[in-house]
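I opened this model to look up two things.

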Number of protein chains: 2
Amino acid sequence: MHNCTSHNDCIADALHRAEEICEARELRFTELRRKVLELVWERHGPIKAYDILDKLDNRIGATKPPTVYRALDFLTDNGLVHKINSLNAFVGCSHPLTHRECYFLICSDCGEAKECCNSEITDVISKTIRRNEFLTDHITLEITGECRDCRGVH
Amino acid sequence: MHNCTSHNDCIADALHRAEEICEARELRFTELRRKVLELVWERHGPIKAYDILDKLDNRIGATKPPTVYRALDFLTDNGLVHKINSLNAFVGCSHPLTHRECYFLICSDCGEAKECCNSEITDVISKTIRRNEFLTDHITLEITGECRDCRGVH
DNA sequence: ATCGCGAATGTTATATTATAACATAATATT
DNA sequence: AATATTATGTTATAATATAACATTCGCGAT
Ligand SMILES: [Zn+2]
Ligand SMILES: [Zn+2]
Ligand SMILES: [Zn+2]
Ligand SMILES: [Zn+2]
């Protein structure tokens, strides 16, 4: 679904953006948080907390669930990572400075998640929210199915 | 958030609709499935699987997780109940014949979930999906926050 | 430099959510 | 009635997540 020419660049960019954001906000982008973000960015799709845990184990020795969940909390709280609730998994945010709520197209075949945020969706959802006089905390929009590539569309 | 004059009627209606739908589709609306649906409809908000389990225990003696999850699977598969992924909880569908995908406004204060499905949202989401040549399996739209009543709006 | 503070991480234990696998019972089909 | 199918019961365990407390780290004040 994603056609990054060099995924190493994707990862490097994500880490670099995270650094900048944390510096600007006076947040501590620790080694642990960096490693977890790096693992989240291993591919353009959601990864499970316990898979991150396993990969950390391989790199830095036995790690425990709270370690990973705390790092993920930090990253999601600061918009660097999104939780995909329908999968209990986590994915890197493609544009952490742009906005907080992201919408996703999630391919159940290749496992990739593509952000499909757009103002048209936001506008019409906002309208519904206003009509209901609702005070929004968070919007989850997750669309599962099969992506263009996996469908074999040319 | 909901102003049903008699919630017993809500429950009775939901059970009756379920009966009709199951009959029309030649599905078996068993006692267990009925009881689980009834418990889901105890209020206009999501209920957790293990809370259903506890309430079944009180009514019909020790019940085990698979019993509840299988009944919930049946009910969700047939559009009588929706799973709220952001809460790991289940809520009765207000209009099981109208459509499969429902959008929710979920109040974190009173715990109610209001369906806010409308074609405007569906249309704009569909457009995004088409533009991405995506083949949709399921759409999850969950908006959490504070409802009109809990905000104290008049 | 070291003391003290708050933030981050380590550690142990456990809570919560969900399913696998197999046995039995109920219902439908022949 | 015999057989197949579907639903439920049962045991065990997998997968996801957090509570509670101990230790360490980073950093400013003394
Ligand atoms: Zn890439
Ligand atoms: Zn795909
Ligand atoms: Zn009601
Ligand atoms: Zn409310």
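**Zinc site**

I started with C147(A), which is buried at a relative accessible area of 1%. The model is predicted, and I read the values with that in mind. Next I looked up C110(A), which is partly exposed, with a relative accessible area of 31%.

Both cysteines are protein donors of the zinc ion (ligand 2), along with C107(A) and C150(A). Each donates through SG, and the donors lie 2.2 to 2.4 Å from the ion. I noted the spacing in sequence as C-x2-C-x36-C-x2-C. C110(A) sits in the loop between β3 (103-107) and β4 (113-115) of chain A, while C147(A) sits in the loop between β5 (135-146) and α6 (148-151). The two are 37 residues apart, so the pair links distant parts of the chain.

I then checked the geometry. The four donor atoms subtend angles of 102 to 117° around the zinc ion (ligand 2), so the arrangement is tetrahedral.

**Cavities**

How many cavities of 30 Å³ or more does the structure hold? I found three.

The largest cavity has about 60 Å³ of space. Its lining includes H2(B), W41(B), R43(B), F104(B) and E115(B). In chain B, β2 (89-92) and β4 (113-115) are the elements that give two or more residues to this lining. By class I logged four nonpolar, five polar and two charged residues. Domain 1 (7-92) and domain 2 (102-151) of chain B both contribute to the lining, so the largest cavity lies between them.

The second largest cavity has about 40 Å³. Among its lining residues are A14(B), R17(B), W41(B) and C93(B). Its lining has six nonpolar, no polar and one charged residues.

Conventions. Residues numbered from 1 in each chain as written. Chains lettered and ligands numbered in written order. Predicted model: local features only at pLDDT ≥ 70, side-chain atom pairs only at ≥ 80, totals over all residues. Heavy atoms only, no water. 1 Å grid on protein atoms, 1.4 Å probe; cavity = no way out; pocket = protein on both sides within 12 Å on 5 of 7 lines; lining within 4 Å. Points joined across faces, edges and corners; volume = space filled by probe spheres on them. Helix = DSSP H or I, 4+ residues; strand = E, 2+ residues; numbered from the N terminus. Nonpolar A, V, L, I, M, F, W, Y, C, P; charged D, E, K, R; others polar. Domains from an automatic or database assignment. Donors = N, O, S within 2.8 Å, 3.2 Å for Na, K, Ca; no water. Tetrahedral: all angles 85-135°; square planar, octahedral: opposite > 155°, others 65-115°. Buried < 20%, exposed > 50% of the residue type's maximum accessible area, 1.4 Å probe, protein only.
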